Amino acid sequence: MNRNSFYGPLSDPAGDAGHLEHPARVGFFTDTSVCIGCKACEVACKEWNRVPDDGFNLLGMSFDNTGMLSANTWRHVAFIEQPATDLGIPKFERPGASADPQSRTDFRWLMSSDVCKHCTHAGCLDVCPTGALFRTEFGTVVVQQDICNGCGYCVSGCPYGVIDRREGDGRAWKCTLCYDRLHDGLEPACAKACPTDSIQFGPLDELRERAARRVEQLHERGVTDARLYGHDPDDGVGGDGAFFLLLDEPEVYGLPPDPVVPTRDLPAMWRYAGIAASALVAAAVSAFVGSRR
């Protein structure tokens, strides 16, 4: 059965799922410090995976026309405008020109391309009653549309609010990390299309090392707010297969600060229920024996 173990962080989710011989786990490292908000990743994702359009409705509060991840948006580029006054500082400095007063601006843009995290402990995978979700040999999580019955359990099982059911279809849809392209030795369409290498694809261990070096580099340059999100294998989801370099708190980007997979404590709950049931049976037997005497 393709389910995660909950007895400690997993470094090999594909092996745990039954893939005895498999390639290295792969994923995404998204460096938001170099994202320019071009949305090339969104377009490439839709074109390759034939994802329907979102209606092209501007939200009225930014240049973002998709708003969030959904069944029809597997990559979402967030546009976050931060006025300097909201942060209690005079003005923002443009990188490389801090000595020039004219280089300061009244606001800054934070841009980030969000995607399914392909969690090590995948709540969507654990609650699926039909086996429509499965762990691939690459360590990613994919929905099989011909098996999904549209129950929606996976929607509530995702701590990031990623997975969604398509209107008029009812089935769950999300990023597959271009599973078909991986089989042919190709990188996912979004990473291929990114012009700044904000979205980087590769073996997860290598990406984590690269990300750590990037954070150190930014700190040396004075960007002290740079931090990694989703890279820690000891967090509430066992580490993400898609993690991020952020320039502010996760909440600013619409990400939960401390995500926990809802089914994490399930084994302990079953153990406690078993202990309670055993105690109840023992008490009933004791009472029965006592009454007979």
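## Terms and overview

A residue counts as buried under 20% relative accessible area and as exposed over 50%; partly exposed lies in between. Arginine 208, at 21% relative accessibility, is therefore partly exposed.

The model is predicted. The chain has 293 residues, and buried residues make up 45% of them. Eight helices and twelve strands are present. Take the contacts between residues at least 6 apart in sequence: 64% of these join residues at least 24 apart.

## Strand 1

Strand 1 spans residues 26-31. Six of its six residues are buried, so the strand is largely enclosed by the rest of the structure. Val26, Phe28 and Thr30 point one way. Gly27, Phe29 and Asp31 point the other way. Both sets are buried.

Two strands pair with strand 1. Strand 10 (residues 199-203) pairs with it in the antiparallel sense, over five bridges. Strand 12 (residues 242-246) runs parallel to strand 1 and is joined to it by four bridges. Threonine 30 has a bridge partner in each neighbour: isoleucine 199 in strand 10, and phenylalanine 244 in strand 12.

Helix 2 covers residues 40-49. Its buried residues include Cys41, Glu42, Ala44, Cys45 and Lys46. What covers the buried residues of this helix? Strand 2, strand 5 (107-115), helix 6 (189-193) and strand 10 are among the elements that do.

Just after helix 2, arginine 50 takes a positive phi of about 55°. The loop between helix 2 and strand 2 (75-83) holds phenylalanine 63. Is phenylalanine 63 buried or exposed? Its relative accessible area is 61%, so phenylalanine 63 is exposed. Together with Phe107 and Trp109, Phe63 makes a nonpolar surface patch of about 320 Å².

## Salt bridges

The whole structure contains seven salt bridges. One of them joins the side chains of aspartate 31 and arginine 214, at 2.9 Å from N to O. Aspartate 31 lies in strand 1 and arginine 214 in helix 7 (residues 204-220), so this pair ties together parts 183 residues apart in sequence. Both aspartate 31 and arginine 214 are buried.

- Arginine 171 and aspartate 169 meet at 2.8 Å, N to O. Arginine 171 is partly exposed at 26% relative accessibility. Aspartate 169 is also partly exposed, with a relative accessible area of 32%.
- Aspartate 205 and arginine 208 meet at 4.0 Å, N to O. Aspartate 205 is exposed, with a relative accessible area of 56%. Arginine 208 is partly exposed, at 21%.

## Spacing in helix 7

How many residues apart are aspartate 205 and arginine 208 in helix 7? They are three residues apart, which puts about one helical turn between them. An α-helix has 3.6 residues a turn, so residues three or four places apart point the same way. Helix 7 also carries arginine 214, the partner of aspartate 31 from strand 1.

Definitions and conventions: Residues numbered from 1 in each chain as written. Predicted model: local features only at pLDDT ≥ 70, side-chain atom pairs only at ≥ 80, totals over all residues. Heavy atoms only, no water. Buried < 20%, exposed > 50% of the residue type's maximum accessible area, 1.4 Å probe, protein only. Pairing = 2+ DSSP bridges. Contact = heavy atoms within 4.5 Å. Patch = residues over 30% accessible without salt bridge, like charges linked within 9 Å, V, L, I, M, F, W, Y side chains within 5 Å. Areas by Shrake-Rupley, 256 points an atom, 1.4 Å probe, with all protein chains shown as cover.
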